[in-house]
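Trainee: I should like to go through this structure with you, question by question. May we begin once it is displayed?

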Amino acid sequence: MAEKTPSPSMMRSQRPIDRSILVENRALLRSIERRTLLRGGISLGALTMLTGCDITNKDAVQGVLSRMSLWNDRVQAFLFSPTRLAPEFPASAVLKPPRWNAFIPRDQVPDVDGATWRLELAGRITDKRPLTLSDINAMPHVTQRTRHVCVEGWDYIGEWTGVPLRHLLERVGADLTASYVAFRCADTYTGGIDMPTALHPQTQLTTKYAGQTLDKAFGFPIRLKAATKLGFKQPKQIVAIEVTNTRPGGYWEDRGFNWFSGI
Amino acid sequence: MHPLIIRITHWVNAAAMIVMIGSGWRIFNDSPLFDFIFPPVITFGGDPDVSWHKYQNGAYGALQWHFAAMWVLVINGLVYLTYGIVSGRFGRLFLPITVDGVRSAVHDALRFKLDHNTGVYNHVQRLLYIGVLCLGVLVVMSGLAIWKPVQFQGLAKLFITFQGARWVHFLCMVGIVLFMIVHVALALLVPKTIVGMVKGDDHDTDHKHKTGERS
């Protein structure tokens, strides 16, 4: 397990992704090897699969999987259309309250005081003055009724209202030619998305769900809603945004979930 | 009997299917479609009970395997399908299928009158082979709809809802697994079919198949 190391940016994941994956997966691969022995006994196919591939070389196997995941990022970036919209649904389809899920138990979601909350801005942004909730609320809002898809496999239709991320980035003079937008959250969650997704019309900083101010467990005061991403790519309780050319990690991404995770 | 390209794609497919199905079971377990999960020990690539990580959610290993093996499965499958169609192999071995042919094959099978001629498939076999090829196409289509419900929204619409695509993906897997069980059991009953699929030096030749000659 890699120790936390100081990062050039507080926005970035505190653990270097490649190293942690290599270290963390040693035992995984050991267990796969064990199961492979069992499976080999019942499967002629598995023997073929292992021919010429030294499964005992664990880092090499994880290296191949990690490279395949990076390749899949590129394929997904290619498949992503900046103009293709996610299907919208009628108000009657909206799930109230929405399904909750997070990396921490619900009773550990921190309280955020909207009056003292500030959105920090960092990286390739001209005007880095922190934004207040009033600043956010004064910006134009849009509403989307789209499908929320979790990497686990469940989904629901929700209604999110918020400021288009593109609007906010333009407003603060962000470098829109930069590659990534990274997020840091009050609940310590981190994440980040590619710039084309950040500029997509259905990517917003959400303040309301189904017309009501966000509950803290669903991301008060603001969360990211991106209709073209899986749920875990949409951080809640955001407290800082950085525009950067260094690919940000993220809580789940650092643990091995695919980085792009577009839908 | 089996050309080299068929033997290679057959075994590559077998390996890819095992990885896809085993990792798919682990992914399924994270959000089961009904009140059942696959025993973790038979899943592939992300088992929290026997695995390394201290985090509760172990599906990302399985997802990594699933989304790596999918390339092997799809590219290999396209080579196999293209060869099978263009060379006329599918038409020769899997067609025609007639009701009478199926009826007589079932009739024979129920009396244990199994024809062990490799290279000539009875009508039930033909039906099963064509059926599993269709399932293979459908499992990939539903998989793409699950992977990219927005970018491939036209395809996703075929499955009505996101969970609809998951159900189709799951049921295709069930069909493929049932096929594999029958397929492997029959192959083990007639081991020369396995030799033929490995070495390709079965005594039958394509010429004999064409003329209907039996060895």
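Trainee: Which residues line the largest cavity?

Mentor: This is a predicted model, in which local features need pLDDT of at least 70, side-chain atom pairs count only at pLDDT 80 or more, and totals for chains, interfaces and linings use all residues. Residues are numbered from 1 along each chain as its sequence is written, chains are lettered from A and ligands numbered from 1 in the order in which they are written, and side-chain values use heavy atoms, with hydrogens and water left out. On a 1 Å grid over the protein atoms alone, a cavity is a set of points where a 1.4 Å probe fits but cannot get out, and lining residues have an atom within 4 Å of a point. The lining of the largest cavity consists of Trp100(A), Ala102(A), Ile104(A), Val109(A), Asp187(A), Lys216(A), Ala217(A), Phe218(A), Gly219(A), Lys236(A) and Gln237(A).

Trainee: What is the volume of the largest cavity?

Mentor: A search of the whole structure gives two cavities of 30 Å³ or more. A volume here is the space filled by probe spheres set on the grid points, which are joined across faces, edges and corners. For the largest cavity, the volume is about 50 Å³.

Trainee: Is Gln237(A) buried or exposed?

Mentor: Gln237(A) lies in the loop between strand 8 and strand 9 of chain A, where strands (E, at least two residues) and helices (H or I, at least four) are DSSP runs numbered from the N terminus. Its phi is positive, about 50°, although Gln237(A) is not a glycine. Buried means under 20% relative accessible area, exposed over 50%, and partly exposed in between (1.4 Å probe, protein chains only). Because its relative accessible area is 1%, Gln237(A) is buried.

Trainee: Is Thr188(A) buried or exposed?

Mentor: Thr188(A) is found in the loop between strand 4 (180-185) and strand 5 (190-194) of chain A. Its phi is near 80°, a positive value in a residue other than glycine. With a relative accessible area of 58%, Thr188(A) is exposed.

Trainee: What is the omega of the peptide bond from Phe220(A) to Pro221(A)?

Mentor: Most peptide bonds are trans. Pro221(A) lies in the loop between strand 7 (212-213) and strand 8 (223-226) of chain A. The bond from Phe220(A) to Pro221(A) is cis, with omega near 5°.

Trainee: Which residues does Gly262(A) touch, not counting residues up to four places away in sequence?

Mentor: Gly262(A) lies in the segment after strand 9 (238-244) of chain A, and it is buried, with a relative accessible area of 4%. Contact means heavy atoms within 4.5 Å. By that criterion, Gly262(A) touches Gln76(A), Thr228(A), Lys229(A), Trp147(B) and Lys148(B).

Trainee: How far apart are the end C-alpha atoms of helix 7 of chain B?

Mentor: The expected span of a helix is 1.5 Å times one less than its number of residues. Helix 7 (residues 162-189) has 28 residues, so it should span 40 Å. The end C-alpha atoms agree with this, being apart by 41 Å.

Trainee: Which helix supplies the largest share of the lining of the second largest pocket?

Mentor: A pocket is an open set of points with protein on both sides within 12 Å along at least five of seven lines. The second largest pocket holds about 1100 Å³ of space, and the closest to its centre of its 49 lining residues are His66(B), Phe67(B), Gly143(B), Ile146(B) and His169(B). The largest share of the lining, nine residues, comes from helix 2 of chain B.
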